[in-house]
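Open the model in your viewer and keep the selection tool at hand. This tour moves from one stop to the next and says what to look for at each.

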Amino acid sequence: MSGTVVNLPTQLADGLPLTVDVSAHPRSDDERAAILASPGFGSHFSDHMVLVKWDVQNGWHDAKIQAYQPFSLDPANAILHYAQSIFEGLKAYRQDDGTLASFRPEANAARFAKSARRLAMPPFPEDAFVAACDALVTIDSAWVPEGGEMSYYLRPFMFASESFLGVRPSNEYYFCVIGSPAAGYFSDGVQAVSVYASEDYVRAAPGGTGEAKCGGNYAASLLAQQQAADEGCDQVVWLDAIERKYVEEMGGMNLFFVYGKDPDNVEIVTPDLTGTLLPGITRESLLAAAGELGIRATERKISLAEWRDGVASGDISESFACGTAAVITPVGSVKARTGNFDISTEMGPVTAKLRQLLLGVQHGTTPDTHNWIHKIG
Ligand code: PLP
Ligand code: COI
């Protein structure tokens, strides 16, 4: 198919031509409409995917858009054994005027390149990352749902693809982008979530891979996440590896604490980036945008004890989690071996204001003063 029919580029970057092989079996309009009516999160995928190969001889090459389809993997493929894999998560939104846009894809491209370096993988060119996401949104634009909480979640990822059992960086990789229409991450909508502070396990230690978005971090988190679920909680909260005292982040989100109740004197505090937590793009966006709402924003260490005491004294009036998938979700209660505490079952006013600002910018209804919106098409 000619790339011009749906405004697809002929290359993802200089020297990386894109070929397009349109799916012969796209879902029907009715099938797609049924999925878009209730997409959930991460269960349904649009008709196409982007695939690019890398090897030592050719670098990045053979970029194509093709029908969404399974991989065929040799049992000795390094990814199955040594987990050399990284991923990103970002969203495209249907704007109120019907056009399509994504939120800060350049920031995801930069973080992806950084994750690649940490995992001894070849960084994917940042301009090609953005172009690959745009190309998938363009060809599968009918899969981008409309509405305030709805989006099309893009999942770029890269993995080792060489069949070799020696332990060293692979000599072959795949870069891939798939996309999924998405409603909220939590099935209860924006109800406050309950969290379990993990005092038995750690997610990341200094010098480890905590600030990289690599699959292994998530594999290592699952037992604690299961423990949280067994305790009746939605998410795990990670503490620092050395003192087991300071709050770092959640399973797939960063954390913020709201200090103060007086609307003219409110501060939001988030754990500082020590190298062991993911530098969330939502986190950074909130730190940058808070001032527009007259809210002071601070990055610093905060211990579980300070969180508990702050809630008890009323100094901390709200707590919330933030991330691409979760947007902004209030934290309602905390369980820990050292003592449980409740924050609120409702979303607080500061959380609500920040959530409205973020969603407004993402959907094109609030002025984009930071140039975060990336128009597609
Ligand atoms: N922390 C972890 C462990 C995550 O998986 C995510 C999600 O990407 C975040 C934080 C939030 O990052 P972002 O706001 O870039 O989505
Ligand atoms: C995201 O918000 O993009 C995440 O990666 C969180 C989770 C789905 C892994």
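This is a predicted model: local features need pLDDT of at least 70, side-chain atom pairs count only at pLDDT 80 or more; totals for chains, interfaces and linings use all residues.

Which residues surround ligand 2? Select ligand 2 and show its shell.

**Stop 1: the shell of ligand 2**

Colour the shell by residue class. It has 5 nonpolar, 3 polar and 2 charged residues. Now colour by domain, with domain 1 as 11–184 and domain 2 as 193–363. Both domains give residues to the shell, so ligand 2 lies between them.

**Stop 2: polar contacts of ligand 2**

Start with Tyr153: one of its polar side-chain atoms is 2.6 Å from an oxygen of ligand 2. Go on to Lys213, where a side-chain N or O atom is 2.7 Å from a ligand 2 oxygen. At Ala325, look at the backbone instead. A polar backbone atom there lies 2.8 Å from an oxygen atom of ligand 2. On its own, ligand 2 has 280 Å² of accessible area, and the protein covers 88% of it. The space that ligand 2 takes is the largest pocket.

**Stop 3: ligand 1**

Select ligand 1 next. Ligand 1 also sits in the largest pocket. There are 17 residues around ligand 1. Those that come nearest are Tyr218, Glu249, Ile281, Thr282 and Thr324.

Pick Lys213 again. A polar atom of its side chain is 2.8 Å from an oxygen atom of ligand 1; the Lys213 side chain also has an N or O atom 2.7 Å from an oxygen of ligand 2. Move to Thr324, whose side chain places a polar atom 2.6 Å from a ligand 1 oxygen. At Ile281, show the backbone: a polar atom there is 2.7 Å from an oxygen of ligand 1. How much of ligand 1 does the protein bury? The figure is 96% of the 380 Å² that ligand 1 exposes when taken alone.

**Stop 4: the cavities**

How many cavities of 30 Å³ or more does a search of the whole structure find? There are 2.

How values were computed. Residues are numbered from 1 along each chain as its sequence is written. Chains are lettered from A and ligands numbered from 1 in the order in which they are written. Side-chain values use heavy atoms; hydrogens and water are left out. A polar contact is a pair of N or O atoms within 3.5 Å; within protein, one must be able to donate a hydrogen and the other to accept it, and residues adjacent in sequence count only if both atoms are side-chain atoms. Accessible areas come from the Shrake-Rupley method with a 1.4 Å probe; for residues, only the protein chains shown count as cover. On a 1 Å grid over the protein atoms alone, a cavity is a set of points where a 1.4 Å probe fits but cannot get out, and a pocket is an open set with protein on both sides within 12 Å along at least five of seven lines; lining residues have an atom within 4 Å of a point. A molecule sits in a cavity or pocket if more than half of its atoms lie within 2 Å of its grid points. Ala, Val, Leu, Ile, Met, Phe, Trp, Tyr, Cys and Pro count as nonpolar, Asp, Glu, Lys and Arg as charged, and the others, Gly among them, as polar. Domain bounds come from an automatic or database domain assignment. Grid points are joined across faces, edges and corners, and a volume is the space filled by probe spheres set on the points. A residue is near a molecule or strand if one of its heavy atoms lies within 4 Å of it.
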